[in-house]
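Thank you all for coming.

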Amino acid sequence: EDDVLVSVRAPVGPTHLCPDKSCIGRGLAAVRPKPGIQPRYILWAIRAFENNLARQGTGTTFDSISSGDLREFEIPLAPSGQRESIVAKIEELFSNLDAGMGDLQTAEQQLERYRLSVLQAAVEGRLTADWRRTHDPEPADQLLERILVDRREKWGERYKWERYESKRKEPPSGWKDRYTEPDPPDDTDLRELPEGWAWSKLGHAFFVHLGATPRRSRDDFWGGDIAWASSSEINQREITYTEETITEAGLEDTSTQVLPPGTLMLGMIGQGRTRGMVAELKIPAATSQNSAAIEVAHCSVPPKWVYYYLESQYHELRRMGSGNNQKALNKGIVQEIPIPLPPLAEQKQIVDEVERLLSVADDASDTADREHTRADRLRQSILKQAFSGQLVPHDDEANPPTVDTIAPDATDTPSSNDRNSDAED
């Protein structure tokens, strides 16, 4: 108990006090201070120089440091009379900082509830109830008929090129009969939709693709001109760039393909936040096998309508999946996901309304992100001052410097009245 635990592999650096007598795995090291030195002093000292410790990590698969490296790692040791004061001052300032971050967390939870209420009102038709009373758009079942025609034509173009034209072959007679019409959804257990709306499935109205990863062992497959979106990029929500690119050779070596802007990426794998999240490609890009790519561009449906619907279903999507140890979506499951289709004109109206209402939440969320960054920097500033002798006085005449604490501004959070009136929920 109270040994200082240090992560020594994947990642290197993070620390914590051992809460109780415990055994540890090889990814941790336990630092036990000698008598007279507070464990919390060692804890804060290592955290103050955590980045230096992390930079010592080496390895091909993941970074790690040896016990010898950790033994040789230097930290400043203040005189015995000052160590207790340093720890007390750090924890006083961190306590004030934590209080401010608690208020910020509450504001973020309110923003998340507001966002979800807007999305639910949108996909259930409540957001445009007044609009429907004064408009008479083409019913969605007619839109769906056109989508299916467009889908078949797009399949024909792609199939003809990939199987025949790209290989300078003449397509045989009857090749178009190889197209399989997608099965319509079974709406028996689905909720009733507003008048003029219709149920479809992602695999019924749209193409669902799985990507692939070119072999990492082939340098000539990577670093080309083709954007390659991994599942981690789904966190961008709108993908305007990718960390990695592939070459034509890498593209041809795998089953991935370059998909057009407007394609939606749905995270399928993992216990983190990414599984169930959705992002829109704003650039042509190939994709990895860890996400499903929903190609919307072949028809007139706004990609943002599908995006907002899937975002509203985030928690439900995370409950779906197969696998014993770790739930995951797959192409078959994604294709069967039901999606309501309003009339086309109403889809565009809904997208405009949602973007107007969520712009308030997005601005407040950006502010919260900046405050989190500021708080992290402030913690490091406090630790830097503490272990450079600037946080507590060295004698009775000296005064410690003042350290500003964070005061998150939650005024951008939509009020309850705004939420109720804007989202009609």
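Which residues in the largest nonpolar core touch the most other members? Before I answer, please keep in mind that this is a predicted model, in which local features need pLDDT of at least 70 and side-chain atom pairs count only at pLDDT 80 or more, while totals for chains, interfaces and linings use all residues. Residues are numbered from 1 along each chain as its sequence is written, and side-chain values use heavy atoms, with hydrogens and water left out.

A nonpolar core here is a set of buried Ala, Val, Leu, Ile, Met, Phe, Trp, Tyr and Cys residues joined through side-chain atoms within 4.5 Å, where buried means under 20% relative accessible area with a 1.4 Å probe and protein chains only. The largest such core has 49 residues, and those touching the most other members are Leu-202, Phe-206, Ile-294, Trp-305, Val-306, Val-334 and Val-354. The helix α12 gives the most to this core, with 8 residues; helices (H or I, at least four residues) and strands (E, at least two) are DSSP runs, numbered from the N terminus. If we leave aside neighbours within four places in sequence, Val-334 is in contact (heavy atoms within 4.5 Å) with Leu-202, Val-208, Leu-266, Met-268, Ala-292, Ile-294 and Leu-329.

There is also a second, separate core of 35 residues, which includes Trp-44, Ala-45, Ala-368 and Leu-378. Why is α1 described as largely enclosed by the rest of the structure? It is because 7 of its 10 residues are buried, among them Trp-44 and Ala-45, and the buried residues of α1 pack against β1, β2, β3, α2, α4 and α12.

Let me turn to the pockets. A pocket is an open set of points, on a 1 Å grid over the protein atoms alone, where a 1.4 Å probe fits, with protein on both sides within 12 Å along at least five of seven lines, and lining residues have an atom within 4 Å of a point. Of its 24 lining residues, Glu-112, Arg-115, Arg-237, Arg-273 and Glu-311 are the closest to its centre, and α4 gives the most to the lining, with 8 residues.

The second largest pocket has a volume of about 470 Å³, and of its 15 lining residues the closest to its centre are Val-31, Ile-42, Leu-70, Arg-71 and Phe-73.

Terms used: Points joined across faces, edges and corners; volume = space filled by probe spheres on them. Buried < 20%, exposed > 50% of the residue type's maximum accessible area, 1.4 Å probe, protein only.
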